[in-house]
Amino acid sequence: METDSVVELPAAANPLTEGILIQILRSSASTNADQVRHGTTQLDNWRNKSGFHTLLQAVFQEKYLPVEVRYLAIIQLKNGIDTFWRGSRSIVNKDEKDIIRSRLIDSGLNEADRRLALQNALIIGKVVRIDYPTAWPDAIEQVVNRLRASIESGAYHLHLPRILLILHHVIKELSRARLQRQRANLQAIAPEIFHILGQIYIQKVQRWQTFLREGGDDEGGALEDIDQSLITIRVIRRLVISGFEFPHRVDAIREFWPHVRNHLGEFLGFVSHPDSPLSPLVQNLVEKHLMQLAKLHFTMAQTHPASFVLLPDSLDLVRAYWNLIAKYGESFGSKSLDTSKIIEGDGDTDETQGPIESRLSLKGLLILRACFKMIFNPAQTFKYRHANEKEEQKQSTQFIKDSLFTPSFLTEIMEVIVTRFFVIRQVDLAQWQEEPEEWEVKEEGESEKYEFSVKACSEKVFLEVAINYKELIMEPLKNVFYSVASPENNNLQLKESVYSAVGLAAAVIHEHLDFDTFITATLVPEVQIQRPGYNILRRRIAILLGQWIPIKVAEANRPVVYRIFQYLLDKNVPLNDLVVRVTAGRHFSHIANEWEFAWQLFTPFAKTILEALMNLILEVELIDTKMAILNTISVIVERAEHNITPFADAIVSLLPSLWDQSGDQHLMKTAILTILTRLINAMKSESRRFHDLALPIIHSAIEPGSETNVYLQEDALDLWHSILAQTETPPSQALISIFPRIFSLFEYSNENLRQALEITDSYLLLTPSYILGEDIRSQLLTRLGDLLGTLKNEPNGIVCNLLELIIRTADAIGGERAINLLTQDMLIYRDNSVIHKLIVGVMGAYAEWQLRDTGIDKVADAINGIVETDYFSVISRLVLASPSTFLNAMESLVQGTNESPTLPLERLLAEWFHHFEAVADPMRRKLMCLALTRLFGLGRTWAMGRLQDFCTVWTDVIVELTDGADDKSVDSLVWSRPTAAELPDPTTSPEAPEDARRRDLIYSDHVHTVNVIAAVREALGAGIAAAGGEQIFRDEWLVNVDKDVWEAFVKLPGVVG
């Protein structure tokens, strides 16, 4: 075969043959970097070629080739199937797929190398999940037939473990399927497979158990048996959970269940003795069996709760787990603690990798918690569709209540957990002293990872008992608490346990425990005790106060609590080691964040505590710890509001070095942006000296493609918005110059579009002349025109609100001339302009309404009612600013067509009156009424012809806005500007500069300055004058108005002069 020179050819020039493929695979598997690079390039070029994947399989099947070549071939095949087997990217044709499928099972069945067999089994699982039963209808039948053949007398010894490996990955893939059809496929084949696997498992376990108990000569056979029973129980575990909808109704599973219950105890007996004669290999395999059984029990309790309870001996199984937990608790933590000695240990609390007793205890606690969930969270636990399923749920929950969670059992659970698992262990002290920061971070994060920690999971179980059986545990917990809650009691281990329990149960027992007296009588003296080991109690006191204070504390005791934390944060106090101070710093965030936190009470302690926290940030090294302390400072800043100003410079001085230290830790940078945002909001206009520090960060975060764009953009935009809100006029040139960067965020798909629009709104209030200058104005209106009609209701409303503000601002700055320029810009790029989009949307709604009786339900350009209200609000602002400019814009839309210049206006009015009934907001109704009234006052025939519609709108709005008022000559939305005396005192409650700007905006709005009654009276008079006098008005226009409509209108006070 000519393959010697193949590697010298360019990758694209090599033909795809089996021989060349083998050579390329050899190159890719070599240790020569150039050959690896060339081989990898060639394989990438071939991966889209027809026949590539069948040749990879053929190479894999060639057993004479080196293992590394075959391994690379099967990996390439697996990756190709992941990418190209199905969907639009599929480049493997039907014939290739047929060939590959036909060779898969036998390839794995006869593969001696376990690594290669595993990769082949992974491929089979993936292909079966995709192709069964449509393209590969006999896939399961083939596997089952091979399984049956492998257990027959005389079968090749390799076939059983290999077919079990294949079946394991087939069931694993099918169990992941989410579609009901795919789940039904698995459930259809599950009974037959389970029957065979159950027999294999029982037989294999009996054989290796006999060997371990009685001995024998066939040690190799016993190892094979234990290895095969392990993979069998793995398959059974997935099959029982995913392959049966109601496992407890299946006789075969009911018969099998007691076996796994018994095996739990039997297997544990082999490995639980310290002097076990088993070799490490066998010990490990037996422990893996135990964990598979435990996973089966837990997953059954979680996924099929009713089945778990109703299967034979399940509650005895739960009790067996509890006995194991209680026994493990005896060694988990000692009853006494020698704080002068350090024992060896890494302090690792990931019990998923610890001793088998620890791992089984963790699963037992999870099962116990699942049983509580069955009773007290049935909606999340049970899924039933029929009456009999509901009855089974009721039966199973009642069974647990009556037979498992008896008062004595629940009391035992509480006692064991509190006294044995809520302790601080000698190994904890070791890590406390050796790696204090690491240990503190690990302890704080443990509760969120309760599936991996016995202690954290025991806390969850304790809470289930405390919350759901409060009456049962209340007295025992109170009694033990009062027995230890005195400074004279120096049993640190017991105090650690009881204080932990009382802290966890704070929300449950706060009404039954005098915690305020406990603070003053016990905690204050205890926290000052200077004895070895009392740093343990100080840490617990900081946590306990953080748990209780947000729930219940007397106002008189708040300064006492602040003094305790001030003391705990003092580095110069003996026993206040790093763990104590970091814990106090972390948990003070709960104290500062409680609902009734009052700065006046905190003021005497503010300087000392803030300085201690800032020094602590500089002292600690871990980013997680720095973030925790920074968060506490951030909470204090938020709660202090403007009172934080004296400390602001010191806080800000920390931030640059923290930013540099954070590196690629973007969560830390987010925390820095958050505290900077809170500082600026708290300090109001006095924060201006910090703005220049923030602007470069904002610039970087919004720059497309920048390193921080993905992670920090949202927080940077919040910071930017806060800076604008707290900036007095005029803004700095640096703040103005960054504005054009906002346009990169004006995209339909940008998740931060809302923030970008709100920032633009703030800029318009802060520096209207800049935003409405020619360059920025045209860009802004173009971007807003692009967005109109492409957004959902809420963001579309923000765009329209911004357009309203632009019109109002232009009118305020330049009057008629400014509105003329603005309207021209709104008409540029006609088909995509703002005005065109508004009118097209409204006309689409008009067309839909007109065609409704014809059976046409939807018109392409039609908009929904919410969007239409927003569109008409923008149109109203334009009409109020300059009716003549608006009319010219409407006429321009029909230039170059044969349509009458007034036709768009006639249709617009028709739709406006039709939609008016659907507008609910009184301010929007008044705004539109004022705009319509201005149009009527022009006296044009297209308006006069709709006099009845105008009268109806006027009557509705005036009645609504004068209802219940003593003075019916003015509508209720005309507001008086507040006097200085009515505004908050700027010395005690300073307001944000933007709040003042928005107040001016509100009180200058037509809606709040124009009396609609007077406006209607004036417009009606103008209309009558334009018609040629009252008599002509009556003869030509009023004659067309319904008598009742007109009478209802003229009865309104003050509308007719």
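Visitor: Before we look around, what does buried mean here, and is K204 buried or exposed?

Guide: Buried means under 20% relative accessible area. This is a predicted model, and in it K204 sits in helix α9, residues 180-214. With a relative accessibility of 8%, K204 falls under that cut-off and so counts as buried.

Visitor: Which residues does K204 contact, apart from its neighbours within four places in sequence?

Guide: Happy to list them. Leaving out neighbours within four places, the contacts of K204 are L160, D225, Q228 and S229.

Visitor: Where does the largest share of the largest nonpolar core come from?

Guide: That core has 349 residues, and F308, F405, L545, I644 and W720 are those with the most contacts inside it. Its largest share, 13 residues, comes from residues 793-827, that is, helix α39.

Visitor: What is the class of the residues lining the largest cavity?

Guide: There are two cavities of 30 Å³ or more, and the largest has a volume of about 50 Å³. Its lining consists of I807, M826, I835, L838, I839, V874, I875, L878 and F886. Two or more of these residues come from each of α39, α40 (834-851) and α41 (865-881). By class the lining has no polar and no charged residues, and nine that are nonpolar.

Visitor: Is D313, with its positive phi, buried or partly exposed?

Guide: Most residues other than glycine have a negative phi. D313, in the loop between α13 (305-310) and α14 (314-332), has a phi near 65°. Its relative accessible area is 41%, which lies between the 20% and 50% cut-offs, so D313 is partly exposed.

Visitor: And K684, buried or exposed?

Guide: K684 also has a positive phi, near 55°, and lies in the loop between α32 (666-683) and α33 (691-702). At 17% relative accessibility it is under the 20% cut-off, so K684 counts as buried.

How values were computed: Residues are numbered from 1 along each chain as its sequence is written. This is a predicted model: local features need pLDDT of at least 70, side-chain atom pairs count only at pLDDT 80 or more; totals for chains, interfaces and linings use all residues. Side-chain values use heavy atoms; hydrogens and water are left out. A nonpolar core is a set of buried Ala, Val, Leu, Ile, Met, Phe, Trp, Tyr and Cys residues joined through side-chain atoms within 4.5 Å. Buried means under 20% relative accessible area, exposed over 50%, partly exposed in between (1.4 Å probe, protein chains only). Helices (H or I, at least four residues) and strands (E, at least two) are DSSP runs, numbered from the N terminus. On a 1 Å grid over the protein atoms alone, a cavity is a set of points where a 1.4 Å probe fits but cannot get out, and a pocket is an open set with protein on both sides within 12 Å along at least five of seven lines; lining residues have an atom within 4 Å of a point. Grid points are joined across faces, edges and corners, and a volume is the space filled by probe spheres set on the points. Ala, Val, Leu, Ile, Met, Phe, Trp, Tyr, Cys and Pro count as nonpolar, Asp, Glu, Lys and Arg as charged, and the others, Gly among them, as polar. Contact means heavy atoms within 4.5 Å.
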